[in-house]
Amino acid sequence: MDALERYEPILDDFEAFRAACERPLPSVVRVNGIKATRERVTDAFDAEGVEWEPREWNEKVLKIEGKPGNTWPSFHGWTHGQEEVSSISAFVLDPEPEERVLDSCAAPGSKTTQLAALMDDDGLIVANDSNLGRLSALRFNTERLGVTCAAVTNQDARNFSLKPFDFSAFDAALVDVPCSCEGTIRKNPTALDDWSLDHIEGVAGVQKGILRRAIQATREGGTIVYSTCTFAPEENEAVLDYALAREDCQLVEYDIGLQSEPGLTEWQGDQYDDSIRKAKRFYPHHNDTGGFFCAKLEVGA
């Protein structure tokens with residue numbers, strides 16, 4: 001847990017934060033609107049004897065007892081097991097039907113399938129991932145959840161090419177980048193076993209390239225959501241600050257209904273653009289979730 005001590009100065013209650021990180025993560029599912037309504041899912045849970053609780057911030061998110069994949073609604077693609085904070089970024093992006101959306105780092109597909117449901121499976125989602133080995137999980141999840149509007153690609157998101165497509169820009173992009181995964185420790189207790197500052201600095205360089213390319217590939221007035229499951233400012237606020245200084249974009253406010261803290265404007269002597277306060281940090285002890293960071297940007301002045 002030593003890796004987490006560096007965040008004590010920015011937390012309201014470090015002991016509560018650390019205690020939350022050591023507790024198991026609650027089981028949560030997302031209702032897949034492509035195949036079922038919330039009422040149909042909860043009726044099925046009741047009939048099967050699966051205990052469930054609503055999550056007040058979003059009717060599509062349910063806390064359940066037991067493993068998310070061990071129910072017949074999951075087998076039929078009515079629900080998808082997804083860490084609660086992981087579902088934030090797609091809800092923030094909020095794509096419309098018929099739009100063209102880039103999911104820069106899509107595998108294993110939780111957010112891709114969520115985007116498709118929000119779009120009523122109408123439009124185009126380019127679900128990209130640079131890791132060829134992870135594409136099978138992405139394809140499996142899109143098929144199980146009934147997604148037909150996704151095209152799977154295997155490119156380095158830092159150099160994503162639009163040449164295979166008959167359009168010049170996306171309407172929106174989800175940039176949920178690979179990260180040091182500090183916020184997943186409740187789900188994966190070994191997440192910090194190989195933690196190092198060198199790794200954080202290395203992955204931050206990759207994140208900067210992915211975010212910049214997504215901004216470049218999105219039309220003026222389009223929306224970008226940048227998110228990670230880490231607490232590290234080097235991977236969060238510093239990446240946003242880097243992109244703001246080099247690309248034509250700005251941060252915008254959003255509401256999500258979960259307790260959060262604003263993005264940092266200073267960290268260990270580094271100063272960040274003041275607008276980064278509009279980003280949100282989600283901590284495990286505030287909502288009984290994993291950790292998450294999410295920012296919404298608009299392309300163009």
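This is a predicted model: local features need pLDDT of at least 70, side-chain atom pairs count only at pLDDT 80 or more; totals for chains, interfaces and linings use all residues.
Biologist: Asp171 sits in strand β8 (residues 170–176). What makes β8 a strand?
Modeller: A strand is a DSSP run of E with at least two residues, and a helix is a run of H or I with at least four, numbered from the N terminus. Residues are numbered from 1 along each chain as its sequence is written, and side-chain values use heavy atoms, leaving out hydrogens and water.

Biologist: Why is Asp171 called buried?
Modeller: Its relative accessible area is 19%. Buried means under 20%, exposed means over 50%, and partly exposed is in between (1.4 Å probe, protein chains only), so Asp171 counts as buried.

Biologist: Which residues make up the rest of the contacts of Asp171?
Modeller: Contact means heavy atoms within 4.5 Å. Beyond four places in sequence, Asp171 has contacts that include Glu99, Thr218, Gly222 and Thr223.

Biologist: What makes a set of residues a nonpolar core?
Modeller: Its members are buried Ala, Val, Leu, Ile, Met, Phe, Trp, Tyr and Cys residues joined through side-chain atoms within 4.5 Å. The largest one has 48 residues, and Leu211, Ile224, Tyr226 and Leu240 touch the most other members. Among the elements that each supply at least two residues of this core are β8, α7 (197–216) and β9 (218–228). A second, separate core of 25 residues includes Val28, Ala172, Leu174 and Leu258.

Biologist: How do you know that helix α5 is mostly covered?
Modeller: Eight of the nine residues in α5 (residues 110–118) are buried, including Ser110, Leu115 and Ala117.

Biologist: What makes Gln268 exposed but Asp288 partly exposed?
Modeller: Gln268 has a relative accessible area of 59%, over the exposed limit, whereas Asp288 has 30% and so falls in between. Gln268 is in the loop between β12 (266–267) and β13 (270–271), with phi near 45 degrees, a positive value in a residue other than glycine. Asp288 is in the loop between α9 (284–287) and β15, and has a positive phi of about 55 degrees.

Biologist: Asp288 also lines the largest cavity. Why is that space called a cavity?
Modeller: On a 1 Å grid over the protein atoms alone, a cavity is a set of points where a 1.4 Å probe fits but cannot get out, and lining residues have an atom within 4 Å of a point. The structure holds one cavity of 30 Å³ or more, and the largest contains about 60 Å³ of space. Leu25, Val28 and Arg55 are also among its lining residues.

Terms used:
On a 1 Å grid over the protein atoms alone, a cavity is a set of points where a 1.4 Å probe fits but cannot get out, and a pocket is an open set with protein on both sides within 12 Å along at least five of seven lines; lining residues have an atom within 4 Å of a point. Grid points are joined across faces, edges and corners, and a volume is the space filled by probe spheres set on the points.
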